[in-house]
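Please read them with the coordinates open.

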Amino acid sequence: MSNNIAIKAEHLSKAYQLGDFSTGTLGRDIERRWALMRGKEDPFLKIGEANDRAVKGASDIVWSLSDLNFEINKGDAVGIIGRNGAGKSTLLKILSRVTTPTTGSIKVNGRIASLLEVGTGFHPDLTGRENIYLNGAILGMRKAEITRKFDEIVDFAGVERYVDTPVKRYSSGMYVRLAFAVAAHLESEILIVDEVLAVGDADFQRKCLGKMNEVSKGEGRTVLFVSHNMAAISTLCNKCILLKNGSLQDLDFTHKIIDKYITSGKENEAEILKDNINVSKESPYAAFYALRLKSANRGITSSFGINEDIIVEIEYDILVDGCMVSPSIHLLDTLDTYVLATFNAPSATTEIDDFYGKPLNKGRYKSVVVIPGNFLNDNNYIISAFLVPENFADLAVAEKVLMFNVTETGDMRKEFTGKWVGLVRPRLFWKTQLISTD
Amino acid sequence: MYANNPEQEWDLEIKPHDSVFNLHLKDVWNYRDLLWLLVRRDFVSFYKQTILGPLWFFIQPIFTTVIYTFVFGNLAKIGTNGAPGPVFYMAGIVAWNYFSDCLTKTSTVFRDNAAIFGKVYFPRLIMPLSIVVSNLVKFAIQLVLFFIIIGYYMFKGANIQPNIYLLLFPIVILLMAILGLGLGLIVTAMTTKYRDLAFVVSFGIQLFMYATPVIYSLSTAIKNHHEIIAFNPMSGLIETFRYGFTGTGEFYPQAFFISVVASIILFFIGLVVFNRVEKNFVDTV
C-alpha cells in the first residue's frame, strides 16, 4: 500500500487576534485587506512567535499553533496531550473543519467524524428518536445509515424505554449516553474525540473507552483523542503528540511522550539560589542559600510523576557559631490547604539525623527531605521553607517559595479512570477476609 | 500503483484560503438529509406544547389582513384596483411574509448557530437553506388560506380573474426565496464583525414593506409619480404574484426584469460572501 498515512499536517499554523478585530488603524486594516485579497499573507502576522500567555507578545496576535508538521498512520490511536493553552483544542478545531488554519495545510485520507462535544444540535423538544436522526445528520451520516444503526445506538445508550420521549425529560446521564452513542456509531475512518469522557459516570466512561478501543484496535480506524486524563490516554492510545505553547514537541509512542509530558510541566523554578529566594522573614542565626527540587532519576525538576519521590533540598548558612537550627517545610495545595508540615526532629522523622540537636558551627549545610512517590495526588503543590532556631521566634521564613506539580502517569489508574479526589493519594494496605458463608 | 504521484490520494485537504468561487455545492448536496431533518425540527419544535399547533400559521395572516383592511382600506382609503380588500391585502401579506421571514431568519444564522457551528462541521449553507425551505412550507400552508379567501369572494361574485401570469408563480416564489436568502446571507456574514446590522434589519424590514406595493398597488404608486417604487426588486414580484392570482393590477415587464436581475445578483453575492466568512467566523463571533 503506497499510502498508509491518514493525516498529514504541513507547516500548520493558526493565529488568533487578541482584543479588537482590527490592526488599530484604518490604513493598516486596508493594507491587510489588500494583501489578503491578492492572496498574500497578512503583513501584520509574525510567524514563529511562541504562544506564551505570561509574556506580553510583540503584537496583538497570538500563535495558537505554529508550524506543526506530523503524519499519523492509518489505524493509530493518537493521544494529543499538552498543558492548558498548548493548542490542543485549536488543532482539533482545525481537523474538524470548524475553523481554518492561518497558514499550512492538513491532508486527510478518509472520512473524519469529530466529537468535540456530545449532543451538538440536540433539541430539547424533540424525542430521542428524532434527535438521533438530527444529530447523526449533523455529524455527517446519511438517513439510511442512521436507520441501519438505530437499534445499535439505542441499545448502546440504554434508553429503549425513552426513545419517544423528548430529551428534555431525560436525566443528564441518559442525555450524554444517547449523544455519545450516536457519535460512536459514525462510520468514518478517522474519529476525533475531545475530552467527552469528562462527562458521565464511571460506568459510562468505561463503556466509552471500551467503545473507542474497539474502534481503534478492532476496526482499525484512526482515532485522535485529546485528554488530560493520562490514564485514559495510556490505555487507549499507542502514540501521542505532545504540544507545548502551540508547537509540536514530539510525536512518539505513548509511554515516552507521557514521560516527556511530566518533565515538560509548568516550568516552576526547581532550583532557587540565594538572592532569588523570596525571604519573607530573616533570621540572625541562619540564612537560606538554595532551595531545590529533584527527582531521583531526572535531577532537578519541578514536575513529578505520581510514582516518583520528590526530593526537597534546603541549603543554608549558619551565621553564628554554636546555634541549633532545624529546617522545616510546609506543603500546601493551590487552594492554600495545608497538606502536611514536617521538620527535622528525631520523633518526627524516620531516621535519626546525626546533625540534629547538635550546636552547629558557621558554614553551609544541606538538609534533604523526601516526599515519597505514590503519596501525593495528581495536583499542583506549594512549599514554604523555614529555618527554625532554638528560640523559635527568630526563624527564617521563605513562604510559598517552591511550586511543583505531580502528574498522572496511569500507574494507579488501571481500574478507575474518573476524578480521584483527595489531597493525597497513597497506596494503602487493604485486606479482605471471608467472615461467613450463607 | 500510486507511487508516482501519492499526493493525488488525499480525500480532503484543509487549507487556509480557497477560491472565492468554490461554493462547495457538492458538499451541500451530500448533506441534503440534514436539510430535511432541520426543516422537520423547525416544524415539530414550533408547535410542540402549543394548544393550537399549526393553526398559528393561519392566525397571523388573518389578523394582519383584518387590520390592514380596516386601516388602509377603510380609514386611509387606499385603492385596491377594484379587488375586495381582504383578497388584495392577503395576497400582499402572504407573499411579503415569505420574503421577510427568509431575510430576517437567515440574517441571524451565524449568531443563532454559533454554538453548533463552533463544534461540528457541515456545510454552513445547509442552515440558511433549511430556513428558506421551512418558510416555504409555512408559505404553502398560508397559501391554502389565501385560496379559501379567493374562493369565498369568487363565489360571492367579486371581480377576481386568475390569468396566464399565474404560470410565473413558481418563478416568483423562487426569486423571492433567493432574494431574501441572498440579502440574509450578506447581512449575517457582516454581522459576525459588525453587529449593528442586525438591528438595521429588524426595523429596516418593516420600512422596506412600505416601499413595496403590499398595501397599495404599483399602479397607484406610478399614478402618483412614485415610479421609483418600481425599482425595488420586490415590487415586480409582489405585483406579479397578486396580478396572476386575482387579476388586480398589471404585469410590469420592466419591474419584473429588475427583480430577476437583482435577485440573481444578490443571491450570488450572498453565496460568495457567506462562503468567505463561514470558514473561520468561529474565531470572531
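The points below go from conventions to the contact between the chains, then to each chain.

1. Conventions. This is a predicted model, in which local features need pLDDT of at least 70, side-chain atom pairs count only at pLDDT 80 or more, and totals for chains, interfaces and linings use all residues. Residues are numbered from 1 along each chain as its sequence is written, while chains are lettered from A and ligands numbered from 1 in the order in which they are written.

2. Contact between the chains. 37 residues of chain A touch 32 residues of chain B, contact being C-beta atoms, placed from the backbone, within 7 Å. On the chain A side, β4 (103-108) and α3 (128-138) are the elements that give two or more residues. Helices (H or I, at least four residues) and strands (E, at least two) are DSSP runs, numbered from the N terminus. That side of chain A has 14 nonpolar, 16 polar and seven charged residues; Ala, Val, Leu, Ile, Met, Phe, Trp, Tyr, Cys and Pro count as nonpolar, Asp, Glu, Lys and Arg as charged, and the others, Gly among them, as polar.

3. β4(A) runs antiparallel to β1 (residues 12-14) of chain B, with three bridges between them. A:K107 has B:E13 as its bridge partner.

4. The sheet of chain A. Six strands form an open sheet in the order β5-β6-β7-β3-β8-β9, with mixed pairing; strands pair if DSSP finds at least two bridges between them. β5 (112-115) and β9 (247-253) are at the edges with a single partner strand each, so one side of each has no neighbour in the sheet. β5(A) is joined to β6 (residues 190-193) by four bridges, in parallel, and A:I112 is paired with A:I190.

5. A helix pair in chain B. α4 (residues 85-106) and α7 (residues 126-155) pack at about 175 degrees, axes 9 Å apart. Axes are lines fitted to C-alpha atoms, for helices over the stretch in contact, and angles run from 0 to 180 degrees between N-to-C directions. α4(B) and α7(B) are therefore roughly antiparallel (over 145 degrees). Their contact has 16 nonpolar, three polar and two charged residues.

Note on methods
Two residues are in contact if their C-beta atoms, placed from the backbone, lie within 7 Å. Angles under 35 degrees count as roughly parallel, over 145 as roughly antiparallel, 65 to 115 as roughly perpendicular and the rest as oblique.
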